[in-house]
Amino acid sequence: MAEAGPRSRSTLPIVLALSLAFTVTVVEPLVLGLNLPQVSRALEVPPQLVGFLGGAATLVMAATVLAAGGLGDAFGLRRLMMLGLATVTVADLLSVFSPGYGFLLAMRLLGGLGMTALLGVPLALLKSSVSAERRPAALGVFMAVEMVLCGVTPAVTGWAVDAAGWRVVFLVGPLLSLVALWLTARYVPESPLQERRRPDVVGVALVGAALLGLVTGLAAAQNGVARPQTWLPLLVAATAAVLFVRHEHRTPEPALDLALFRSPAFSVALAAALTLNFLAAGLSVALGQFGSVVLALSPESIGLLYLPGTLLSAAAVVLAGRLVGRWSPRPVMVAGLVLLTASGLLMGGTVSPTMALWLLLLATWLCNLGTLVTSTSVSEAVLAEAPQGHSGTVASVQLAVGMTGYALGPTVYLLLLDFFFQKEWRADAASRGLSLTQAEQAVDAVRSGLVLNPGSAVYDPNLLRLSGGLDLGADFADALRSTMLVVSALPLAVAVAALLLTGRGTTSRGR
């Protein structure tokens with residue numbers, strides 16, 4: 001019997017339910033990250049473990065998302081998403097009553113498992129629930145809802161934390177999840193089930209080992225590339241990646257069908273997914289570092305940077321979805337990548353210790369807009385490649401790549417920032433006639449403020465005052481300038497690849 005097509009029903013409540021579920025995976029870690037200092041102080045988290053607490057859920061999602069797609073195709077995408085929403089609700093509500101760091105970390109790991117089911121599954125349900133003709137416009141609305149919530153929630157949460165304390169942070173996920181659960185139960189149809197297959201446990205484990213080793217090794221590289229703490233995790237990551245490719249070629253039921261990469265459109269779309277998540281996560285860390293270290297902005301003020309232009313961005317993303325449906329994903333993807341490049345170049349060209357706040361707002365807005373416009377076209381390009389009945393698996397590939405970029409972004413940005421910062425303060429010391437030893441003593445307190453954990457590292461904003469005659473604020477700004485100019489080459493390169501390697505096309509393919 002042929003597989004049933006998407007049912008004829010109202011699209012808006014379906015899209016709203018799916019978008020809210022997906023947004024949980026973005027907003028919930030974001031608000032925790034912005035309020036992590038308050039949480040870590042209250043629970044007396046050891047400084048060297050703060051970063052792991054903040055990134056635990058993200059690492060779990062990145063390591064296990066490939067398994068979620070296959071499980072959804074076999075057991076039901078709607079059923080799996082509702083289970084994920086319930087898991088996040090329980091984990092976050094228990095987190096509200098955390099008596100200590102260990103309990104909260106366990107809940108972050110549990111919440112990460114729940115959010116794994118909220119990554120690729122909502123996009124896969126969008127394909128099975130909405131017709132191919134209406135899907136691009138639906139994707140635009142999907143991303144617009146995420147945009148509005150990502151713009152509003154950080155500021156609202158910052159005010160709530162000031163008024164009621166850090167435990168309020170863990171009410172955001174349950175509020176969104178419960179609304180999404182109700183809408184899903186009422187409006188979202190179940191996807192057609194496929195023949196159950198054994199999960200590729202070995203493949204998923206190898207992906208997790210490769211990602212964890214890569215992020216850990218890159219984080220440790222800030223203290224030296226030749227140290228075993230750096231090269232050993234990177235060696236583990238490379239070995240796991242090679243074994244994964246070999247395993248996927250040989251196993252009859254792979255977690256990732258490598259034949260998908262024969263399509264240039266699919267490969268370029270995944271490169272764009274990696275890029276946009278890498279840049280979005282990296283910029284959020286750069287804003288936090290620069291805003292708190294140099295500009296002395298509060299977390300609430302940094303959160304407000306995401307708010308201006310939110311409605312305008314949401315409208316632009318809805319338009320992007322319609323343009324994808326009218327033309328093809330390629331021109332919209334290129335436009336989004338160009339916006340990401342413009343954001344990086346603007347930040348790199350204007351950053352200084354006396355930078356005007358409106359320039360910081362504009363750079364943030366361009367990054368957010370470019371991220372969501374690119375994401376809209378990427379999602380359509382990837383879903384168009386999904387064979388019938390395998391939307392969950394293919395959508396999970398996109399989200400696995402995206403989460404990899406999200407996990408790598410903070411680490412790579414901070415690795416570059418540390419490299420350029422060292423270069424700048426050394427030059428600053430030489431210009432002032434200070435010896436290298438004197439300069440090293442002046443920045444030693446700054447270095448001691450680094451938290452070296454997978455996916456996260458932070459400077460103590462008070463330590464720049466101990467500059468020993470160096471202008472470390474200017475040195476930090478110059479380091480950020482160089483970092484932003486370097487990373488801006490990435491979206492530009494992917495945009496060129498999209499122009500050269502993908503077909504023009506007039507409409508999106510809906511398989």
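The following dialogue explains how several descriptions of this predicted model are reached.

User: What makes up the secondary structure of the protein chain, and how many helices are there?

Analyst: The protein chain has 19 helices and zero strands. Of its 511 residues, 58% count as buried.

User: What do the contacts in the protein chain show about residues at least 24 apart?

Analyst: Among contacts between residues at least 6 apart in sequence, 85% join residues at least 24 apart.

User: How do you know what span is expected for helix α1?

Analyst: The expected span is 1.5 Å times one less than the number of residues. Helix α1, residues 11–34, has 24 residues, and 34 Å is expected at 1.5 Å a residue. From its first C-alpha to its last, α1 reaches 34 Å, which is close to that value.

User: What makes α1 count as mostly covered?

Analyst: In α1, 20 of its 24 residues are buried. Each of these has under 20% relative accessible area, because that is what buried means.

User: How does the span of α4 compare with what its residues should give?

Analyst: The 20 residues of α4 should span 28 Å at 1.5 Å a residue, and its end C-alpha atoms are 29 Å apart, which agrees. Its buried residues include Leu-77, Met-81, Val-88 and Asp-92.

User: What makes the pairing of Arg-108 and Glu-28 a salt bridge?

Analyst: Side chains of opposite charge can pair when their charged atoms come close. A salt bridge requires a side-chain nitrogen of Lys or Arg within 4 Å of a carboxyl oxygen of Asp or Glu. For Arg-108 and Glu-28, the N to O distance is 2.6 Å, and their side chains meet in a salt bridge. The pair links distant parts of the chain, with Arg-108 in helix α5 and Glu-28 in helix α1, 80 residues apart. Both residues are buried.

User: How do you know that Arg-108 and Asp-92 meet in a salt bridge?

Analyst: Their N to O distance is 3.9 Å. The cut-off is within 4 Å, so the side chains of Arg-108 and Asp-92 meet in a salt bridge. This pair links helix α5 with helix α4, residues 77–96, across 16 residues. Arg-108 is buried, as is Asp-92. Glu-28, Asp-92 and Arg-108 are linked in a network of salt bridges.

User: How many salt bridges does the whole structure hold, and where do Asp-478 and Arg-481 lie?

Analyst: A search of the whole structure finds three salt bridges. The side chains of Asp-478 and Arg-481 meet in one of them, at 2.6 Å from N to O. Both lie in helix α18, residues 472–487, three residues apart, about one turn of the helix.

User: Why are Asp-478 and Arg-481 called partly exposed?

Analyst: Asp-478 has a relative accessible area of 25%, and Arg-481 is at 25% relative accessibility. Partly exposed lies between under 20% for buried and over 50% for exposed, so Asp-478 and Arg-481 count as partly exposed.

User: What makes the nonpolar surface patch, and which helix supplies its largest share?

Analyst: Val-152, Val-156, Trp-159, Leu-304 and Leu-307 make a patch of about 400 Å². The largest share, three residues, comes from helix α7, residues 135–164. Leu-304 has its place in helix α12, residues 299–304. Residues of a patch need over 30% relative accessible area; Leu-304, at 31% relative accessibility, counts as partly exposed.

Note on methods. Residues numbered from 1 in each chain as written. Predicted model: local features only at pLDDT ≥ 70, side-chain atom pairs only at ≥ 80, totals over all residues. Heavy atoms only, no water. Helix = DSSP H or I, 4+ residues; strand = E, 2+ residues; numbered from the N terminus. Buried < 20%, exposed > 50% of the residue type's maximum accessible area, 1.4 Å probe, protein only. Contact = heavy atoms within 4.5 Å. Patch = residues over 30% accessible without salt bridge, like charges linked within 9 Å, V, L, I, M, F, W, Y side chains within 5 Å. Areas by Shrake-Rupley, 256 points an atom, 1.4 Å probe, with all protein chains shown as cover.
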